[in-house]
Amino acid sequence: METPDYDHNAIENKWVERWEAEGAFRAAADPEKPKRYVLVMFPYPSGPAHMGHVANYSLGDVVARYYTRIGYSVLHPMGYDAFGLPAENAAISGGIHPARWTRDNIELIRNDLKRLGYSYDWSRELSTCEPEYYRWTQWFFLKMFERGLAYKADATANWCPACGTVLANEQVLGDGTCERCSTFVEERWLNQWFFRIKEYAERLLVDMDLLEEWPERVLTMQRNWIGKSHGADVEFTLEATGEKITIYTTRPDTLFGVTFFLLAPEHPLVDWMVQGTEREAEVAAFRERLSGRTEFERTALDAVKDGVFLGHYVTNPVNGERVPVYTANFVLFEYGTGAVMAVPAHDQRDFEFARKYDLPVRVVIQPPDGELVADEMTEAYEDPGTMVASPGFDGTPNEEGKAAVCDMLEGNGWGRRAVNYRLRDWLISRQRYWGVPIPIVYCEKCGTVPVPEEDLPVILPEDLDLAEGGRSPLPLAESFWSTTCPECGGPAKRETDTMDTFVDSSWYYFRYVSPRDDSHPFDPEETLYWMPVDQYIGGIEHAIMHLLYSRFFTKVIHDLGLIDFKEPFSNLLCQGMITKDGAKMSKSKGNVVTPGDYIDRLGADTLRLYILFMGPPEVQKDWSDAGVEGAHRFLGRVWRMVHERCLQAGSAGEPDPVRDRALLSATHRTIMNVTRDLGEFAFNTAVSFIMELVNAVYQYTTEGPVNREVLVEAVRSAISLLAPFTPFITEELWRAMGEEGSVHQAPWPTFDEVLARPEEVTLVVQVNGKVRDKITVPADISEDEMRQRALASENTTRFIGDKAIRKVVVVPGKLVNIVI
């Protein structure tokens with residue numbers, strides 16, 4: 001019987017078409033079954049699938065296929081994060097409308113994902129740029145507006161001059177550049193829409209206790225970003241008016257060391273203090289120097305300190321001292337109250353400012369191993385120590401002093417204990433075209449008016465071209481902004497800003513449960529069954545923005561009474577990056593590996609198998625062409641195992657019970673190991689165990705007569721275990737072996753624990769901790785026999801010689817260490 005060729009293209013095309021025709025992976029809620037919602041972060045459709053997609057989505061596909069076969073109802077959907085700047089940038093550079101560019105790319109990536117054999121329920125496919133989706137994004141905005149969680153305010157904003165839009169703080173990289181285009185970001189004062197995420201800061205922290213299956217690294221990143229701190233609000237008195245100016249400090253123990261007072265350049269009191277004085281021009285020049293400087297640049301530790309004396313004084317409540325008021329470049333209006341007490345002896349930025357402007361430095365914390373002299377200090381002392389020059393607190397350890405000073409403040413009505421958060425409200429306004437229109441109109445008579453729910457969606461017109469320089473056409477299109485007020489019927493103007501695309505992706509996982517529902521954002525009964533997401537998979541780069549925003553959205557939805565859970569994702573897996581020659585793949589470096597080329601030449605199964613075999617999911621892995629060729633050779637070996645070693649195998653001669661038992665044991669041991677490893681996301685070692693079983697089959701069929709029952713069980717098990725990794729070849733071979741139905745719906749193989757235990761094990765023999773021999777022994781060997789076999793070993797006796805044996809340490813079934 002001639003072995004058919006392994007024609008991966010024919011096989012893969014055949015099953016793609018058949019699975020699609022059959023609706024093979026459609027999800028259905030079944031109350032009789034446990035459920036598993038497996039979700040991988042949906043892609044931005046910027047072109048065909050890349051290797052990052054293959055790595056990410058292959059992980060999710062293995063999980064989904066495995067849980068299907070162990071009896072779960074599985075929801076495994078796919079969609080597209082389809083609004084955003086890249087579409088507009090492509091329109092500017094290539095003259096293609098963002099809508100067309102986006103939908104063309106969706107078609108490309110959809111075709112690639114289908115070619116890769118992912119078990120998505122394509123009937124649930126969604127795209128965030130379609131009105132049936134963003135209608136509900138606008139609905140959530142209205143619900144937040146009703147609850148006071150969406151508001152508009154004047155604020156400094158991060159402005160990317162290249163992208164021509166505002167960026168959220170999370171979208172500005174640590175070096176002050178735009179995460180999208182790497183242009184240095186400027187600061188501008190604009191009227192913006194915000195979500196009150198800061199109102200949820202404490203809940204976002206407390207509910208981390210529910211995220212037991214999240215990587216600690218992600219939780220740490222979120223904790224740091226939220227930035228909870230304990231301190232005190234302290235009221236200083238403005239000498240000229242008696243007005244109280246509140247500051248927040250985490251160092252109440254240093255209040256007696258205040259020698260000057262700082263206001264942010266944007267603080268409204270600055271203009272009042274200098275208006276009509278000779279300092280007005282000086283402050284204007286100072287602000288001009290700051291224009292275009294980002295928050296990162298202003299607050300960097302090595303930034304040159306800059307400021308202006310404002311001609312006013314405040315009184316320190318704890319000692320009644322009169323201290324001068326300055327404005328300084330490193331004080332931010334958005335943090336705390338925009339006012340700061342300056343303690344130069346114990347804060348480095350204050351110290352540098354004081355030295356530059358010849359301001360006093362007063363030591364109020366002395367270190368435990370010396371004595372600071374203010375005039376001799378070259379830097380601030382910021383570590384723990386003992387309070388000095390602080391009447392009533394001298395000699396107190398400063399950590400204890402923090403609480404004691406807070407008691408004094410509260411007792412005298414000068415201040416109070418306070419908690420502050422680094423997290424700021426989420427700026428969602430974007431001055432761009434390709435995004436979700438904000439459902440607000442402005443009426444001269446009625447003011448800011450929400451669009452009625454029954455009038456949603458506010459459609460983004462797709463017949464507009466970008467304005468000069470890539471600017472949004474919405475403010476220029478009267479056909480869009482001209483409308484009537486929902487309350488009075490008079491003329492009104494629509495909001496022409498669009499929403500940050502992170503709003504779209506903060507709730508998409510809810511929509512998958514009922515993507516065609518036109519009466520709810522998500523069906524309550526389907527949500528009750530499927531949510532929350534059981535397994536979420538994506539990159540660590542989304543730890544702060546997407547994952548934090550999604551957690552916030554879920555809590556808002558909970559507060560709306562629509563769900564009874566508080567967190568969207570029960571388990572989180574952050575996959576590592578795939579590099580080429582040790583570097584991140586990029587077109588500029590010429591090291592991009594295109595999946596399509598490998599699918600054509602070697603097959604989707606080969607590509608999937610290699611990526612899953614490269615290493616643990618969470619670590620960075622480097623691409624190797626030799627490795628992917630090796631994966632292809634292995635699949636050829638699997639193909640021949642079925643057609644040559646199994647289907648054509650005879651049973652001439654007497655089977656060998658010892659060999660039969662060895663293969664049977666290898667089969668059950670492989671099932672046990674692969675089952676365990678899949679549960680632990682150890683996909684690379686699971687593949688390794690399957691490879692060992694294939695080798696065992698080849699050895700078994702080469703050495704002598706075969707027991708067909710034992711052989712078929714081994715081969716069937718190998719195909720069954722390999723199926724989640726390589727769905728096409730295994731589906732083809734499953735049918736070739738005469739099995740009924742799809743391997744992807746067949747029950748997961750089970751193992752016998754007794755058979756899974758090997759009959760023989762390798763006993764390691766050490767002398768004084770060094771390996772001197774390895775002996776094959778029965779798996780059920782006793783400790784006494786292990787000791788005897790080790791001492792009788794020829795290699796062992798040679799190393800022991802005539803030396804006295806002090807003791808013999810036995811690790812059952814594994815090791816004997818002889819101490820001489």
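Predicted model: local features only at pLDDT ≥ 70, side-chain atom pairs only at ≥ 80, totals over all residues.
1. A helix crossing. Helix α2, which spans residues 51-69, and helix α19, which spans residues 604-613, have axes that come within 10 Å and cross at roughly 90°. Since angles of 65 to 115 degrees count as roughly perpendicular, α2 is therefore described as roughly perpendicular to α19. On the α2 side the contact is made by Met51, Val54, Ala55, Ser58, Leu59, Asp61, Val62 and Arg65, and these meet Leu607, Arg608, Ile611 and Leu612 of α19. Sorted by class, the residues of this contact are 8 nonpolar, 1 polar and 3 charged.

2. The largest cavity. The count comes to 2 cavities of 30 Å³ or more, and the largest cavity contains about 170 Å³ of space. It is lined by 16 residues, of which Gly84, Leu85, Arg430, Asp500 and Thr501 are the closest to its centre. At least two lining residues are supplied by each of α3 (85-94), β6 (165-167) and β23 (498-499). In this lining the classes are 4 nonpolar, 6 polar and 6 charged residues.

3. The second largest pocket. About 1100 Å³ of space lies in this pocket, whose lining is made up of 30 residues, with Thr250, Tyr335, Val340, Asp347 and Arg349 lying nearest its centre. Two or more lining residues come from each of the strands β9 (244-249), β13 (339-342) and β16 (415-421), and likewise from each of the helices α10 (295-299) and α11 (348-356). The lining has 12 nonpolar, 11 polar and 7 charged residues.

4. Aspartate 358 lies in the loop between α11 and β14, the latter covering residues 365-366. The phi of aspartate 358 is near 55°, a positive value in a residue other than glycine. This deserves a reader's attention because most residues other than glycine have a negative phi.

5. Two cis peptide bonds. Leucine 456 and proline 457 are joined by a cis peptide bond with omega about 0°, and proline 457 sits in the loop between β20 (447-450) and α13 (478-481). A cis peptide bond also joins methionine 531 and proline 532, here with omega about -5°. Proline 532 belongs to the loop between α16 (524-530) and β24 (533-539).

6. An open sheet of 3 strands has the order β27-β26-β28 and mixed pairing. Its edge strands, each pairing on one side only, are β27 (583-584) and β28 (621-623). Strand β26, residues 578-580, is joined to β27 by 2 bridges, and the two run antiparallel; within this pair, threonine 579 stands opposite lysine 584.

7. Strand β7 and its partners. Strand β5 (residues 150-160) pairs with strand β7 (residues 186-195) in the antiparallel sense over 10 bridges, and asparagine 158 stands opposite glutamate 187 of β7. Strand β7 also pairs with strand β17 (residues 426-427), again in the antiparallel sense, over 2 bridges. Here the bridge partner of phenylalanine 194 is leucine 427 in β17.

8. A hairpin. Strand β29 (residues 760-767) and strand β30 (residues 770-778) run antiparallel and are joined by 8 bridges, with valine 761 having valine 777 of β30 as its bridge partner. The hairpin has 2 residues between the strands, and asparagine 768 takes a positive phi near 50° in it.

Key
Residues numbered from 1 in each chain as written. Heavy atoms only, no water. 1 Å grid on protein atoms, 1.4 Å probe; cavity = no way out; pocket = protein on both sides within 12 Å on 5 of 7 lines; lining within 4 Å. Points joined across faces, edges and corners; volume = space filled by probe spheres on them. Helix = DSSP H or I, 4+ residues; strand = E, 2+ residues; numbered from the N terminus. Nonpolar A, V, L, I, M, F, W, Y, C, P; charged D, E, K, R; others polar. Axes fitted to C-alpha atoms, helices over the stretch in contact; angles between N-to-C directions. Parallel < 35°, antiparallel > 145°, perpendicular 65-115°, else oblique. Contact = heavy atoms within 4.5 Å. Pairing = 2+ DSSP bridges.
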